[in-house]
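Subject: Structure handover

Hello,

Here is the structure for you to take over. My notes come after it.

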Amino acid sequence: MTIMNNRPLTGKSRRTSIKAALAQERETPGVHLGGWVRTVRGGKELTFLELNDGSCFASLQVVVEENSPAANDIARIGTGACIEVTGDLVISPASGQRWELKAAEICLLGGTDADYPLQKKRHSLEFLRTIAHLRPRSNTFGAVFRVRNALSFAVHRFFQEQGFLYVQTPIITANDCEGAGEMFRVTTLDPKTPPTKDGEIVWGEDFFGEKTGLTVSGQLQAELFATAFSDVYTFGPTFRAENSNTSRHVAEFWMIEPEMAFADLGDNCRLAENFFRYMVVHALENCAEDLKFFNDRIEKGLIDKLEQLAGAEFKIVTYTEAVALLQKSGQKFSYAVEWGLDLQSEHERWLTEKIIGGPVFVIDYPAQIKAFYMRRNEDGHTVAAMDMLVPRVGEIIGGSQREERREFLEARMREVGISPESLSWYLDIRRWGSCPHAGFGLGFERLLMYVTGMENIRDVIPFPRTPGNARF
RNA sequence: UCCCCAGUAGCUCAGUCGGUAGAGCAGGUGGCUGUUAACCACCGGGUCCGUGGUUCGAGUCCGCGCUGGGGAGCCA
């Protein structure tokens, strides 16, 4: 790089990451670090600072000697302070850590005070949620967001390795008939004086010339791309304006939606299984330190669970079999288990946790409880749908083979009250060059819940959006 | 949206039968020759979520509201 003016940009202030420092093979003089202080332990002649920069779970112990020039500032350095340190990386003479930094110079960049909410003690996840701007500096959320980062990368790696094309489907869309949930409205009309006719808002005068909202699914557009590129996937933000108040729902989340041409429901389940296993293996191989923390503090036995899953075959049961299994389980449920009724959360959990004891695909649901685009089976009353259920989290994947036969699809749309004209482009795919295809939607946050053991979806997304809460 | 539970110091929580507010951590001061969410001593710190009521007296009992959590529905 060439600096064209007289600004004193040296480009020499870059630090060594703590991850890199801890990975050193030998003692190194003159190492420069930056980070946030986790705890300070002061003695008469020595002060110990735990420094964390988020590059890894571990902190690095910084040792300040009483008469070192670095000692000047340490009285003002408390938990949470941001500092830069230069010193020698040496093998620690005390047990508890291999490396420590003998400080020669400390620069206090940003101090803290008594009101700093993040203390060196256990906080409740509920409290940390109220300080979402600071919680990434905690052990738990540091680990969560490093795993989230690793798995985001793994999503792309998995699909790219398999030759899938990444497609960015629109975030603003005019389809509100996808059956996936309530939409957030997108409009530029003045809420005080919208154009009206006979008391109704004239959406034709809105920005896009029709009623639009934030996407609830990229599936329909992914299907369009699948009929040109064969195998495609989306990975992007998804919005649901449902008034859902549970530990598994947020209004804004990230969804992964692969769509494959020349594929049936069996191919779909196989892809889902391979994908899920790939994510788990990737986490085991790349996030060992963070997973160990989750295993010790969040979900006992987590690593065993993940390792078992990596080697296990996923079970597939039909909806009809699932109903029979639940009926003969002898378990008393609050809601009836009966063919034709949707499985309740309690049924799904019993199935995956108690009867199967691991991830399970439930396939071939009754047509009347599933979406219009799912392919009708030969029996005439079920559709080629699949839900993947996992212990603790419940439904993590929902997918299907799509109805590629135009006359069946159109008839089904009329049955459920969707005008074929409104989705003419979707029907056109069946009109010209139609082919069997299948895909699914996987909630990225629910995957993270499974992998980290975190029990509330609000704790695996940086700044959760839920009814009544869009702070931060 | 419905059902259940909770709200006390900056944080985690105790507070008995209704009798006038407590601990640990954090913060401040001092001590300590290598500490591991250090330790020891002392100090400061309260709209008991809000509101209305019952009572001689309410953190405690009752009504309403707000906020948070768990569960259900919707789903990923």
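Predicted model: local features only at pLDDT ≥ 70, side-chain atom pairs only at ≥ 80, totals over all residues.

Residues are numbered from 1 along each chain as its sequence is written, and side-chain values use heavy atoms, with hydrogens and water left out.

Glycine 30. This residue lies in strand β1, residues 28–42 (strands are DSSP E runs of at least two residues, numbered from the N terminus). Glycine 30 is exposed, at 54% relative accessible area (buried is under 20%, exposed over 50%, partly exposed in between; 1.4 Å probe, protein chains only). Beyond its neighbours within four places in sequence, glycine 30 contacts Thr86, Gly87 and Asp88 (contact: heavy atoms within 4.5 Å). Its C-alpha atom is separated by 9.7 Å from that of lysine 102, 72 residues apart along the chain.

Phenylalanine 208. It sits in the loop between β10 (200–201) and β11 (212–214). Phenylalanine 208 is partly exposed, with a relative accessible area of 42%.

Threonine 382. This one lies in strand β16, residues 382–390. Threonine 382 is buried, because its relative accessibility is 3%. Its side chain makes a polar contact of 2.6 Å with that of aspartate 379 (a pair of N or O atoms within 3.5 Å; within protein, one must be able to donate a hydrogen and the other to accept it, and residues adjacent in sequence count only if both atoms are side-chain atoms). Leaving aside neighbours within four places in sequence, the contacts of threonine 382 include Trp339, Asp364 and Arg375.

Best wishes

Methods. Chains lettered and ligands numbered in written order. Helix = DSSP H or I, 4+ residues; strand = E, 2+ residues; numbered from the N terminus.
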